[in-house]
Amino acid sequence: MANATKRLQREYTDLVKAPPTWVNASLVGDNLQKWKASVQGPEGTPYEKGTFNIDIDFPNEYPFKPPTIKFITKIYHPNINSEGQICAEVFSSWSPQLKVTDVLNTIRSILVDPNPENPLDAEIAQIFKTDRNAFNKTAKEYTKKYAK
Amino acid sequence: MTDDEMYEDYDVDDDSAEESGNESLDDENEYDEGTQEFDFDDGQQSQRTHSKLTRQRSFEVLNKNDLFSESHKIIKEVKDVLSIPSDAAVSALLRFMKWNKEKLIERYMENPEKLCSDAGVPNVMKLDAPPAKTTVSCLICLDDYAPDKVFALSCNHKYCLGCWKNYLEINVGEGPECIYTTCPAPKCKVVVHQDAFKAIISPEIYERYNSFILKSYVDDNPQVKWCPAPGCIYSIRCDRKERKEAVLCKCGFQYCFNCNDYDIGDHMPCPCSQVDKWLQKASDESENVTWMLANTKKCPECRSPIEKNGGCMHMTCRKNAGGCGYEFCWLCRGPWSEHGSTTGGYYNCNKYDKSKAKEDDDKAQDAKTELEAYMFYYHRYESHRNAMKIADEQRKNAHLKEQQILSKFDVRSADTKFLMEATEQLLRNRRVLQYSYVYGYYLDKKSQERNLFEYLQEDLEKHTNFLSTLYETSLEKLEDYQGFIKWKEQVTNYTRITKKFLDNFVEGVAGGLVSTAQH
């Protein structure tokens, strides 16, 4: 069936050639289907100055099935649960035309703009909606404590 | 209550049920409604007094080919009405509209553009994009392809055929939802039509895709349901929404179309609502009952553990298996010698004798009494249910016995047919008996109908057990051809008697007892 390797090779080469400033991606060992990335917390958000480590696993059917993303660094965010799993539209309405960079961009955009209407952690979403100051405070504390 | 009024209570006809405004009554009677004969076209109830219990055959067993031609008939009708040339386009529209032909035509007439775009078939006249003219870079595998190696739907998102194949085959592998697969482009809502699947994916996988289309035809159609028997490939069309009588699938499984449940099967003589109530109770009580039943399967004499693996209630604690030879009734665990009319005894095994419990006329005992009463019925229900569970094994054994008869007595295969008939009759009896204990449990404890019902039920138990014993006669006991013929005649006769008795029982319960027992 699908051969993920060829496209992953190309995507990896492209990313290494022209990496975005806010992310640093590399392979785990020499396995093209396992990547790790460190995302810089976007400026002007409670995640600013933090570095968040992410595991990216590509299924054999990639790109026909989406990669699995997991936050290794603990983060306080309505769309990311304590296991580091992440909920975003890009995965539920996946298209084989999308690439790793699209996934990374999505991650960055939900850090900038959390979506409390579609939360993975309802409690955090509630605080985000009702008491933004408290949310920002806790998120900053988490960033300081875990995302060094 | 006059006869006429009584019949009003049975009324199946929707209109008259509404007139009487008595839906709960209608509910209670749902089962026997189904057993009456009606002319539904004009709502007139015909021959009601004479043939109200005639078996109805208003259902149809469908195989894959039937489903295929039915769905294609609908596709063709829609094509003709809406003047759409392509089967694939209409099929997609129909799937979007849950195979509701009338609604599709109506919505299409109202606003064809909107319907088609919602359904993911924006251009029903042209499903695919025109061929590419130059080399195309596939946005999935990122390679370049000659124009004849790429394909696009009407949305013109071009991908190479290899990526299309992977994409579609992976989607089919995901299951039934693949029939709504859209173009791979992000957020594109154009649905991949059947012809594209056919042209691109392998024939085996296309076969699977096709069966999902037929599945959607059945799943979306309230009048057609899959037979719930494991592994059965048939579905059944039953045009009567209100039909409550069992349907018989070609796989041999007989069941209530309304409940459509393999475990429940045919639950005559109970109405569906009663079965629901019973099963709910059974699951609520299951812990109590399991506990109390757990240690009660021992020989009443020597306490050897006994497993019941045959059909009959007449148990013998086998000496050659370390038992004591005691013969007893599985249901009441009393000595078998007290059972049956030949001994002049009284076959009282289907009666829960409340008077005994009443000796302890203590209110604190009521809950326990109720549980005991329930256990009584549950135990009998389970016993017959378990006999049903080993039905397949019983059929297999019957076939084995047939073979033995053929070789031992040198008879024609037609001479062993009676054995299978007896097997099926026994199974049918057990099923009716099983649900008769549900029915009995909910009968008014003091009513006259209860007496009559229990009398009939007891007779049915007796006949069933007798047939079962006769049926299980060991071939070794039949010395010669004459002995075999005599046995054969006995079994044949008794099968016939039992059948008649069972039919009378079912019809009697459905027709005669319900009317007054519902209060």
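In this predicted model, chain A holds an open sheet of four strands, ordered S1-S2-S3-S4 and paired antiparallel. Strand S1 (23-28) and strand S4 (68-71) of chain A are the edge strands, each pairing on one side only. On average, neighbouring strands of this sheet are turned by 25° against each other, direction ignored.

**Strand pairing in chain A**
- S1(A) and strand S2 (residues 31-40) of chain A run antiparallel and are joined by six bridges.
- Within this pairing, A:Leu27 has A:Trp35 in S2(A) as its bridge partner.

**Helices on the sheet**

**Chain A overall**
- Chain A has five helices and four strands.
- Read from the N terminus, the order of its elements is α-β-β-β-β-α-α-α-α.
- Chain A has 148 residues, of which 35% count as buried.
- Taking contacts in chain A between residues at least 6 apart in sequence, 52% join residues at least 24 apart.

**Contact between chains A and B**
- The contact involves 14 residues of chain A and 12 residues of chain B.
- On the chain A side, the residues that touch chain B divide into six nonpolar, three polar and five charged.

**A helix pair in chain B**
- Helix H6 (residues 64-82) and helix H12 (residues 203-219) of chain B pack at an angle of about 75°, and their axes are 10 Å apart.
- Angles of 65 to 115 degrees count as roughly perpendicular, and H6(B) and H12(B) are therefore roughly perpendicular to each other.
- H6(B) contributes B:Lys64, B:Leu67, B:Phe68 and B:Ser71 to the contact, while H12(B) contributes B:Leu214, B:Tyr217 and B:Val218.
- By class, five nonpolar residues, one polar residue and one charged residue make up the contact of H6(B) with H12(B).

Conventions: Residues are numbered from 1 along each chain as its sequence is written. Chains are lettered from A and ligands numbered from 1 in the order in which they are written. This is a predicted model: local features need pLDDT of at least 70, side-chain atom pairs count only at pLDDT 80 or more; totals for chains, interfaces and linings use all residues. Two residues are in contact if their C-beta atoms, placed from the backbone, lie within 7 Å. Ala, Val, Leu, Ile, Met, Phe, Trp, Tyr, Cys and Pro count as nonpolar, Asp, Glu, Lys and Arg as charged, and the others, Gly among them, as polar. Helices (H or I, at least four residues) and strands (E, at least two) are DSSP runs, numbered from the N terminus. A residue is buried if 20 or more other C-beta atoms lie within 10 Å of its own, exposed if 12 or fewer, and partly exposed in between; C-beta atoms are placed from the backbone. Two strands pair if DSSP finds at least two bridges between them. Axes are lines fitted to C-alpha atoms, for helices over the stretch in contact, and angles run from 0 to 180 degrees between N-to-C directions. Angles under 35 degrees count as roughly parallel, over 145 as roughly antiparallel, 65 to 115 as roughly perpendicular and the rest as oblique.
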